[in-house]
Amino acid sequence: MSGGGTLAPEARDWLEATGFTVGDEALWHAALTHGSLGEAKDYERLEFLGDRVLGLAVADWLYRQSEAPEGRLSQRLNALVSREMCAETARGLGLAEHIRISKQASADGGRDSDNILGDVMESLLGAQFIENGFASARDLVHELWRPALESGAGQRKHPKSALQEWAAGNQRRPPQYEVTDRSGPDHAAQFTVKVSVFKVGEAEATAGSKSEAEREAAREFMEKYG
């Protein structure tokens, strides 16, 4: 991965202050580079690797810290390594300002995109793994994800899963989700989703992504009918 790309001094300072161990600057330069710049190397391959590093590091923590059965461990793992959680962690660390992204993609809201923030967060974990090995990357994940790990995030069922199980348990048809409205520009779109269960009722919610609107609609439904 070496050869090309020098980190901005402020980016290197931020990385090291956050807990990353920087050696090959070209590697970390790529880890912070969005594809919109059209450069030879960007974060995508490192994100692929970092996603696996994050999953194993969180699974290791959950296994060691809990006697919960496999199903409950999987439930928490999925929440803790989700795109939303990666983006939330990235925001808390101040990652956005260090992402190398085109002016147009930035103007379109790229620096605050859950997808981009989450991907870059994972790409940095991939770079940490390459340069410093799994133990170092694992320990860093445990430190950066500590608030989420210790808060019990993911212990409750995802609202959509809870609604699905409620419908099945009450001999009802599976819930149906429908986007009833979409407004705003692409970088700040708002989605309204209606969820309904035949012969029970319906609920509606609006959020900044279709998946979040579905989750909130399911939560509303369970509060009304569950």
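Modeller: Start at E202, which counts as partly exposed because its relative accessibility is 40%. The cut-offs, taken with a 1.4 Å probe and protein chains only, are these: buried is under 20% relative accessible area, exposed is over 50%, and partly exposed is in between. A word on the origin: this is a predicted model, in which local features need pLDDT of at least 70 and side-chain atom pairs count only at pLDDT 80 or more, while totals for chains, interfaces and linings use all residues. Residues are numbered from 1 along each chain as its sequence is written, and side-chain values use heavy atoms, leaving out hydrogens and water.

E202 has a charged partner. K194 forms a salt bridge with it, and the closest N and O atoms are 3.9 Å apart. Such a bridge is a side-chain nitrogen of Lys or Arg within 4 Å of a carboxyl oxygen of Asp or Glu. K194 is partly exposed too, since its relative accessible area is 23%.

Now the strands around this pair. Two strands pair if DSSP finds at least two bridges between them. Strand 2 (residues 190-197) pairs with strand 3 (residues 201-207) in the antiparallel sense, over seven bridges. T192 stands opposite T206 in strand 3. Three residues lie between these strands in their hairpin, where K199 has a positive phi near 65°.

Strand 2 has another partner. Strand 1 (residues 176-183) pairs with strand 2 in the antiparallel sense, again over seven bridges. Here E178 stands opposite K194. This hairpin has six residues between its strands, and G184 in the turn takes a positive phi of about 85°.

Now move out to the other salt bridges. The count comes to 19 in this model. One of them joins R100 and E39, with the closest N and O atoms 2.9 Å apart. R100 is in the loop between helix 5 (83-93) and helix 6 (103-107), and E39 is in the loop between helix 2 and helix 3, so the pair ties together parts 61 residues apart in sequence. R100 is partly exposed, at 25% relative accessibility. E39 is partly exposed as well, at 32%.

H34 is buried, because its relative accessible area is 15%.

Another salt bridge links E122 and R83, whose closest N and O atoms are 3.5 Å apart. E122 is in helix 7 and R83 in helix 5, so the pair ties together parts 39 residues apart in sequence. E122 is buried, with a relative accessible area of 1%. R83 is partly exposed, at 25% relative accessibility.

Finish with helix 7 itself. At its start, a side-chain oxygen of S113 comes within 3.2 Å of the backbone nitrogen of N115. Just after helix 7, G133 has a positive phi of about 90°.

How values were computed
Polar contact = N/O pair within 3.5 Å; in protein donor to acceptor, adjacent residues only side chain to side chain. Helix = DSSP H or I, 4+ residues; strand = E, 2+ residues; numbered from the N terminus.
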